[in-house]
Structures are given as structure tokens and as C-alpha cells.
Amino acid sequence: MRKLVTAAFVSLDGVMQAPGAPEEDPTGGFTLGGWTANYWDETMGHFMDGIFTDPFALLLGRKTYEIFAAHWPYVGEDDPIGKAFSAATKYVTTTSKEPFTWENTIALRGDVAAEIARLKREDGPDLMTQGSSGLLQTLLAHDLIDELRLLTFPVILGPGKRLFGHGAKPEALKLTANSVSTTGVIMSVYERAGEVKPGSFAMAEPSHAELARRERIKREG
């Protein structure tokens, strides 16, 4: 068995679209690409180094794969992330029959959730997502993510592709690591912790006003 780890840059309001550059992903009229660029510091560098320390295989949606394939193979052999990404096996969810140009790339077609569940059952390095907001909705909907490694930036972006979109469903998480950069970026690692267990701060004996409020909410829907 191997874990599936989601590593992502997100804004305070949950947007993850085009963190690296204005031209990265302007779909949907997104105009704020490159919103992470002015926040990097040494603390964040250490956190990112830790993400890629252990062996991993990349799991990517087609659009993120195309962004990566047009960038990382061309950064030079001295770039450690580019070198690691090129060496890693890259599983790409796609319906296209176009051949891949980046070495060590394998297409996942058909029932994507079933294919990824099969990969998780195999021996091998952990699977790691980067970007791929559309793919993440499938992973969330099928409970396939084991760990979240999030860098939350102190910026509100408004409309854009989100980490927790239509695929998200209720689930409790356990915070296993946390640090803050000098620029206010919160770096957190979460593991799955079962179902959400609601509690209540309400009075044991609700007031007449509270009972009336509840009835009004029922009527109003």
C-alpha cells in the first residue's frame, strides 16, 4: 500500500489556480496568476524540500501535466525539483490519445477513481498531486487522499479554481505539523481522522425564543 498525498498552494479563501505566473492558467478569466511569487522565504524553502525528500510518483490532471511538461524539463540539471520531477513516474489522468513527450509518463484513462485506487494498493513510492484542481474533486469524492500538505497564503483571490470544490465531503482531519513563514504563509500537514463528530453549545433546555426561531427556520427552509 502507498499513500496519496496532496500538496497544494491555496489562498485564504481556498483558490489554487495559477500560483506560479500570470500565463500559467488564465481560464475562466482568472487575472491574478503568480499570486505566490512575492511570499517566498527560507522557511518555505525548507518546507518544500521536506515535501520532496522521500521518493514519490506524481499524480496529475492533464492541464497541470501540460504546464509542468512545458517548464520543468527545461530548467536545467542543477534545479533539484526539475530533476526530481523528470525522474519520477508521472501518472496523468486524460481522455486524450496524444502521446506524452516527458519521460516516465503513464496515462490513466477510463474509471480514474478505480485506477488510482489500484495504484494505491500496489507497492511503490507515495503518490503526490500538484495542482490538478479538477482531479482533486474526484479524489475527494472517493476518499482517496490520505494526507494534505498545504501552504496557505495571506491573500484573498475571489473567483478561481478551488481545492475544496464540488468533490469535497465532510471529514475530520488531524494536524500533524504546522509552521509559519516570515511572510505569513501557514504551512500545515493534515492526516485523515475519520468522520466529523458534531457537538453542541446550546442550552439543555432551549428558551421559548429559541424554539420559536427553530420553527421559523423550518418554515423558511
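Predicted model: local features only at pLDDT ≥ 70, side-chain atom pairs only at ≥ 80, totals over all residues.
Local features were taken only where pLDDT is at least 70, and side-chain atom pairs only at pLDDT 80 or more, whereas totals for chains, interfaces and linings use all residues. Residues are numbered from 1 along each chain as its sequence is written, and side-chain values use heavy atoms, with hydrogens and water left out.

Let us start with the sheet. Helices (H or I, at least four residues) and strands (E, at least two) are DSSP runs, numbered from the N terminus. Two strands count as paired if DSSP finds at least two bridges between them. On this basis, 8 strands make an open sheet with mixed pairing, in the order β4-β3-β2-β5-β1-β6-β8-β7. Its edges are β4 (105–108) and β7 (173–180), each of which pairs on one side only. From one strand to the next, the twist averages 25 degrees. Within the sheet, β2 and β3 run parallel and are joined by 4 bridges; Leu58, for example, has Lys90 in β3 as its bridge partner.

Next come two helices. Axes are lines fitted to C-alpha atoms, for helices over the stretch in contact (heavy atoms within 4.5 Å); angles run from 0 to 180 degrees between N-to-C directions. Helix α2 lies across β2, β3, β4 and β5, at about 115 degrees to β2, while α3 lies across β2, β3 and β5, at about 85 degrees to β2.

Which residues of α3 are buried? Taking buried as under 20% relative accessible area, exposed as over 50% and partly exposed as in between (1.4 Å probe, protein chains only), the buried residues of α3 (80–87) are Gly82, Phe85 and Ser86. These residues lie on the same side of α3 because they cover an arc of only 100 degrees around the axis, taken from the directions from the helix axis to the C-beta atoms. They pack against β2 (56–61), α2 (62–69), β3 (90–93) and β5 (126–130). The face turned away from this buried side carries the exposed Pro80, Lys83 and Ala87.

Finally, a salt bridge is a side-chain nitrogen of Lys or Arg within 4 Å of a carboxyl oxygen of Asp or Glu, and the count by this rule is 14. One of them joins Glu66 to Arg62, with the closest N and O atoms 2.9 Å apart; both residues lie in α2, about one turn of the helix apart. Another links Asp143 and Lys169 (3.4 Å, N to O). Asp143 lies in the loop between α5 (133–141) and β6 (147–153) and Lys169 in the loop between β6 and β7, so this pair ties together parts 26 residues apart in sequence.
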